[in-house]
Amino acid sequence: MTEKLHVDLSGAPQTMLATFYAKALDADLEKPILGDRWAKDIVDRIDYDWSQTTITARNSPAVTTRSAHFDNWAAQFLAVHPEARVLHLGCGLDSRYYRLDPGPGVEWYDVDYPDVAGLRRQLFPPREHCHIVAASVTDPAWLADIPADRPTLMIGEGLTMYLTEADGIALLRRIVDHAPSGELQFDAFSRLGIKTQWTNAVVRRSGATLYWGIDGPQDILEAVPGLRLLQWVSPFDSSTFADVSRPFRVMAKVMSLSSKLRYMAQYHRYAF
Ligand SMILES: C[S@@+](CC[C@H](N)C(=O)[O-])C[C@H]1O[C@@H](n2cnc3c(N)ncnc32)[C@H](O)[C@@H]1O
């Protein structure tokens, strides 16, 4: 029997264990939301006390509806741009490349801190057009190495809140300046979401700090020249939320009565 991979992470990198585990649990549900067989297979190869993540099958839709949403947006971009570059930033152990299985015209870059990138290398089978980049997304050097010759999709799922506003804006500007055209797709927490981060067990337990609160597209459009808003939605209004269990739907309905709570988390999509 092959030995399990021991994982010891803290801070922002640790939080990806929670999102990853949610996908593994979801895959075992009778009616999965994401249906990620890769997460399901890989979870058994990691030596970790998963109860520390506080994720259960019951609360896993909080993660999997988001991942399914960004799969949909990414698939829409790739359907129109079969020759593209994808910057999958703060990828954690997400298997989006394998789920979407894009054609050979797509060059895909999974970017995360070296500890996480190292785990990816050991857990996922190599693919010719899928590259693992071990770097902080805020370091300008890795982007300079990526050819600026194709429409480029940036995906940042569960990432922006870990960046400072200055670093986040600089990153978005760098991508828009670098690529000839493309899209930015990412989720965000509002300033209220950042203020109440102590209620987020995954973040609290990891010791990570959330910094960047975004209250709406105006915050982005004013700070990053050259963007056009395509979509801005509350997670509760995403089509991927339609199949969650009744308690989740009731919670969404109640929270949606207040726009502050409805948009505490948001999905952003811009073209450039
Ligand atoms: C909540 S997890 C999300 C992981 C994955 N996107 C998902 O949805 O399953 C946050 C991820 O962002 C990564 N991250 C946070 N700040 C980063 C930075 N400055 N550079 C690279 N990765 C970063 C963490 O290491 C972690 O893998």
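The side chains of Arg-269 and Glu-183 meet in a salt bridge at 2.7 Å, N to O, a salt bridge being a side-chain nitrogen of Lys or Arg within 4 Å of a carboxyl oxygen of Asp or Glu. Arg-269 lies in strand 9 (residues 265-271) and Glu-183 in strand 7 (residues 182-189), so the pair ties together parts that are 86 residues apart in sequence; strands (E, at least two residues) and helices (H or I, at least four) are DSSP runs, numbered from the N terminus. Arg-269 is buried, with a relative accessible area of 6%, and Glu-183 is likewise buried, at 9%, where buried means under 20% relative accessible area, exposed over 50% and partly exposed in between (1.4 Å probe, protein chains only). The model is a predicted one, in which local features need pLDDT of at least 70 and side-chain atom pairs count only at pLDDT 80 or more, while totals for chains, interfaces and linings use all residues. Residues are numbered from 1 along each chain as its sequence is written, and side-chain values use heavy atoms, with hydrogens and water left out.

The structure holds 16 salt bridges. One of them joins the side chains of Asp-110 and Arg-120 at 3.1 Å, N to O, linking strand 4 with helix 5 (residues 114-123) across 10 residues of the chain. Asp-110 is buried, with a relative accessible area of 1%, and the value for the buried Arg-120 is also 1%. Another salt bridge, of 3.9 Å, N to O, is formed by Arg-96 and Asp-94, and both residues belong to a network of salt bridges that also includes Lys-23, Asp-36 and Glu-157.

In helix 7 (residues 165-178), the buried residues are Gly-168, Ile-169, Leu-171, Leu-172, Ile-175 and Val-176. Seen down the helix axis, these buried residues fall within an arc of 155°, so they line one face of helix 7, the arc being that of the directions from the axis to the C-beta atoms. The face turned away from this buried side carries the exposed residues Ala-166 and Asp-177.
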